[in-house]
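Here's a quick tour for anyone opening this one for the first time. Have a look at the model, then read on.

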Amino acid sequence: MNKIFVLAVLPCALGVKAVHASALLKPTSGVTQALTPKSLQIESNLRGAFAQTMVTTTYANPNSTRIEADFMYSAPKGSVVTGFAYWYGREKVVARVVEKGRAAKIYQYITSRMRDPALIEMVGPNKFRARIFPIEANADLKIEVRLAQTLGATKEGQSWSWPLREETRDNALQNVSVHLKSDRAFRSNLGSVENNELKFEKTNFRATDDADALVPQNAAPLRASLIAARDGGSDGFFSLALASNSPVALPRFTISGISTYNVLIPTMRRLDANGNFVVMGRYKGSGTALVSLNGRSVQVNFPDARETNNLPSLLWAAGRIESLSSRATNMVQVMALSKRFGVPSRWTSWLAIPDEERKNFRRQMWASDRASAAKAYAQAISRGDGGARRAQKAIFDDLTKKIQADGSNYAENEELQPLSSYLNDELRSLRRAMIEAKYDGKVSKSQSAQWAKWATNLRRAGASGGGKGVDLPVYVIEDELRIASRLYLQEIEAGHQKGRGAQKYQARLKQLAQTKTAREYGWNESTFLYEQAQMRANALAMDIATNRASDHPDIVRQKQAEQRLAQLVSANMGNANSALNNALEQVWGGKIRVVAEQWAGEIAAGRSDSPAAAEYERQVRALQTRAGMQPLNGSTSADEIVLSAASNKMAEIRAKIGIEVADKRENEPQIGTLRTELEQVQQKFPSADSQRWEDSTLGSTSEEFAWEGRAHEAAYRLLEAQKKTPTATTQIDALQRDLDQSVQKGKKDKAEVLDWEKSRVDNNEPLVTASDYRLRSGDPLISVMAPASCREVVALMPDGTLLPLRFNAINKSWEARFDVPTFAPDGDYRVKILIVAPDGARRQLTMNFAVDSHAPRGIGSVNTEGKIWHLSLESDEHTDRVSAFLPWNERIELRRNENAVFVADATVPAAFGDAKAQVRFLLTDGAHNKTEVMVDLNH
């Protein structure tokens, strides 16, 4: 099965460590390299038990082409992400809160024009996903994240920490800067503190410890730390941290001496000794208050100070939003809080749009408002409403001037359509209503007279309507052809094909086809008839399919729909059988596909004759019978679903074979097992392969493509070895053999591969391994092989939106990128691809993909035997690669054995002695999701 994965960095078991932030790429074309951190700047202002922190990270982009960055960020415990920004060239682009639905529409609108903003969406508590495009070739990406933090509490006082060791683990950073300020004395492991301020700066730095700071507090039965201020009104916000020197069972909090409301009090069974009990809320007035925790009390002072965007307001807003978001009825209230305080929520997102694109989007909004004003203006003219006419004309003229002053004259994009165009649209609507009324015969004379008057008003204002001796406008002929076609079809559906009504409409269609306009446009009486017939057939077919799937089907309604559909078939109007099978497939296809994939799984595992396989087949046929699917081209639509499921299973196995080849494991037992599974599915469903190009429009990690990646990796290493170590003949010969084998199996031209990699080596571009070269299943690309002469190729996405594809002359295919929304639940999805040929003929394909947001899982172990460490890690089936990082700074790649366990042996260096330490395993799946598993040899 082809899979699209949404990246997630989530802890999955004890001993698994969540990464605080990571940046991954989704390639727009060709081969890409991961972004790597280059510099880190941390600024934090400590205020009692709380802090405001700003982290600015610069990532180096080694790619020679424009790319898109896609990364997850997990805030440290006790933190709330309150701001996001990135740099677009020299411009700092600050994210702003927008309603989630509107943000998605704006993002889709701009990306459809190949110019992206940054979309930042919350995907969990203190976790968000950011997508940024474009990052220009070889240009750095600079990102700023703002946090509101609650510090950790210890016996000595409040502690601040940042995972500096984690940030610099994989490579030394060119520049690291940490700037801490506090409202009271503190100490830090980074260096000396002067005047309650620390400045730490290093170059080419790799940390051995995290950055820590401690704000000492005097010992007391109950310690209190309060920050409070007003912002935007007479009432203030407060955050209060209480710490008891002994454990507290069922903590109970009270406050007196000050008026408070909307107070957020944590609910817990036990508060550990010296642990923080954080209360947030609103307050009125100012002065001294008494706060108590299970009988112990302490005085705090609520100030009369004012501070814009103050820290307690952000902490309270985040807490309030979280508490209200559990109920959908609170959506309006949550959205208002989110927008006011700039903190995203369940129903809002951050959207960062550079000024250039913001201007483009603003112009489009002006154009939209201008069109609305023009429509209202036209309606006011037709009805003779002078006041509304003047008001809407003023809005129209003002927006026209704004668009023109913006330097934009996009008449081709309909931004500056003349008023006459909207007058014509209104006149067309009126004439359509008049035509409908003429056929219906039930509209009063007064209503007809009023419509005629409105039409006259529009023509006097500038709408073109034709006159005596002049042929009717094009739209009048077109509209009446459609209306007469629809009414004629209604007579056919009712079985009155020879009746007076049908003959009247048929005669009118012929009469309209003889007009000058119809002849010029090549319209005849059947031009719109078959179009309307197919629409009616589709609607009737969907009604039938939905009714059959109902727990309480309406038999009378179903028979009526079936009879109407049969009348269309008998009159040779539209492909009714195709419409019915398509509808049945849409309604029943998902149910059949689930069972069919389970059936294919049994076959792949060599259990085609098992009771489970027989039961799955029986269920498929039972669902097919219940749906009433009719034969289509010698088979049934249900059979095509089964073949599609088998094709997906084969694609999934081929992807795994490609992974094995790319990682140079083509001679290991695992690949033999995979080939056997593939053969078993092929034998059971020999025609499934013929569907593969149709049902798998996403690029897959095929074996041939993996060998192509092997060829490029071998060529790069060979050229590099010949350049740097020409005397290493054994290594050079081995690389030459690998290259020869890879180009042969990858069906590549050896000279072309060498030329390509030589230019990369000469330009000091980094090595791209075969594993990174192969197309990832997470690449957001739809690619359809169709001629460039096609009128259009469009994808119907699962959410109902239409995504137009553009022809790629290099790849000879129609392509488009798409993003899986972060809120999309895990599961299987389908995309319909519509191809319109040059002659207008249409063909529909289907693409299947799945969303999988789970990080890989695993359990690691290390067994020592003298100077040999036996490393092993048992993982789930999604794990693609496992690396082990040893305490003497060596990295080892583990390989999957015949028991599907990742294993490797490591020799302990003599200099390491008998020291005990930790081994860090890094698990990576095919969607770039990563998980760490730590094994401590000291325990």
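**Two asparagines to start with**

Asn-309 lies in the loop between β26 and α3 (311-324). Residues are numbered from 1 along each chain as its sequence is written. The model is a predicted one, where local features need pLDDT of at least 70 and side-chain atom pairs count only at pLDDT 80 or more, while totals for chains, interfaces and linings use all residues, and side-chain values use heavy atoms, with hydrogens and water left out. Helices (H or I, at least four residues) and strands (E, at least two) are DSSP runs, numbered from the N terminus.

- Asn-309 isn't a glycine, yet its phi is positive, at about 50°.
- How accessible is Asn-309? It counts as partly exposed, at 49% relative accessibility. (Buried means under 20% relative accessible area, exposed over 50%, and partly exposed in between, with a 1.4 Å probe and protein chains only.)
- Asn-204 is found in strand β16 (residues 197-205), and Asn-204 also has a positive phi, about 45°, although it is not a glycine.
- Asn-204 is exposed, with a relative accessible area of 62%.
- For background, most residues other than glycine have a negative phi, and most peptide bonds are trans.

**The protein as a whole**

- The protein has 22 helices and 43 strands.
- Of its 939 residues, 48% are buried.
- Take the contacts between residues at least 6 apart in sequence: 69% of them join residues at least 24 apart. (Contact means heavy atoms within 4.5 Å.)

**A pair of helices**

- Helix α12 (residues 529-549) and helix α13 (residues 555-570) have axes that come within 9 Å and cross at roughly 150°. (Axes are lines fitted to C-alpha atoms, for helices over the stretch in contact, and angles run from 0 to 180 degrees between N-to-C directions.)
- That's why α12 and α13 are roughly antiparallel to each other. (Angles under 35 degrees count as roughly parallel, over 145 as roughly antiparallel, 65 to 115 as roughly perpendicular and the rest as oblique.)
- On the α12 side, the residues that meet α13 include Ala-533, Leu-540 and Ile-544, and among those they meet in α13 are Ile-555, Ala-561 and Leu-568.
- Which kinds of residue make up the contact of α12 with α13? They divide into eight nonpolar, two polar and six charged. (Ala, Val, Leu, Ile, Met, Phe, Trp, Tyr, Cys and Pro count as nonpolar, Asp, Glu, Lys and Arg as charged, and the others, Gly among them, as polar.)

**Two open sheets**

- (Two strands pair if DSSP finds at least two bridges between them.)
- Another open sheet has three strands, in the order β21-β25-β26, and its pairing is antiparallel.
- β21 (253-256) and β26 (296-302) stand at the edges with a single partner strand each, so one side of each has no neighbour in the sheet.
- Strand β25 (residues 287-293) runs antiparallel to β26, with seven bridges between them, and Val-291 stands opposite Val-298 in β26.

- Strand β13 (residues 157-162) and strand β17 (residues 211-216) run antiparallel and share six bridges. Trp-160 has Ala-213 in β17 as its bridge partner.
- β17 also pairs with strand β15 (residues 187-188), in the antiparallel sense over two bridges. Here Arg-187 stands opposite Leu-214 in β17.
- Strand β39 (residues 879-886) and strand β40 (residues 890-896) run antiparallel, joined by five bridges, with Ser-883 opposite Glu-893 in β40.
- β39 and β40 form a hairpin with three residues between them, and Asn-889 in the turn has a positive phi of about 65°.
- β40 pairs with strand β41 (residues 902-907) too, over two bridges in the antiparallel sense. Arg-895 stands opposite Val-903 in β41.
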